[in-house]
Amino acid sequence: MTSQSEQPEQQPPPGPPPPMYPYPPMYGYPYYQPPPPMNGMAIAAMILGIVGVFSPIGVLGLIFGMVAKRQIRERGERGDGFAVTGIVLGWIAVASIVFWALYIILIFTATGFVVNEITDYEPDSWPTDDATDFALLLL
């Protein structure tokens, strides 16, 4: 037989669940907990992305958006959607810059070929109205 001193101690029943709020309510109302601050770089990234979607300014939106994403992750701030918007619009700006650069290179290359052909034109190399030259062309 076991004595009472050898019996395991009984655990008390579990208490009520913890409150939903981090602070105890005062007069029946929970304390107001303000939301985390908004990241300013994220707002700047979105604005620069929108303003510069088809211009070089949009690259700043890309850079600011990447910096804002890192700050939001480290500091626990809000504004992740703004940062992503700046990044996406920044990449669109980079793509449009690349497109226009290639287009300008194509225009200059085509213009160079045309100018080269015009300057290489020698009127004496073309056939004349002589019958002999015309007959040679038919052979």
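1. Lys69 counts as partly exposed, at 26% relative accessibility (buried is under 20% relative accessible area, exposed over 50%, partly exposed in between, with a 1.4 Å probe and protein chains only). Lys69 forms a salt bridge with Asp80, with the closest N and O atoms 3.0 Å apart (a salt bridge is a side-chain nitrogen of Lys or Arg within 4 Å of a carboxyl oxygen of Asp or Glu). This pair links distant parts of the chain, 11 residues apart: Lys69 is in helix α2 and Asp80 in helix α3, residues 80-119 (helices are DSSP runs of H or I, at least four residues, numbered from the N terminus). Asp80 is partly exposed as well, at 38%.

2. This is a predicted model, in which local features need pLDDT of at least 70, side-chain atom pairs count only at pLDDT 80 or more, and totals for chains, interfaces and linings use all residues. Residues are numbered from 1 along each chain as its sequence is written, and side-chain values use heavy atoms, leaving out hydrogens and water.

3. The count of salt bridges is 3. One of them joins Glu74 to Arg70, at 3.8 Å between the closest N and O atoms. Both residues lie in helix α2, 4 residues apart, or about one turn of the helix. Glu74 is exposed at 57% relative accessibility, while Arg70 is partly exposed at 39%.

4. Glu77 forms a salt bridge with Arg75, the closest N and O atoms lying 3.9 Å apart. Glu77 counts as buried, at 18% relative accessibility, whereas Arg75 is exposed at 52%.

Notes
Helices (H or I, at least four residues) and strands (E, at least two) are DSSP runs, numbered from the N terminus.
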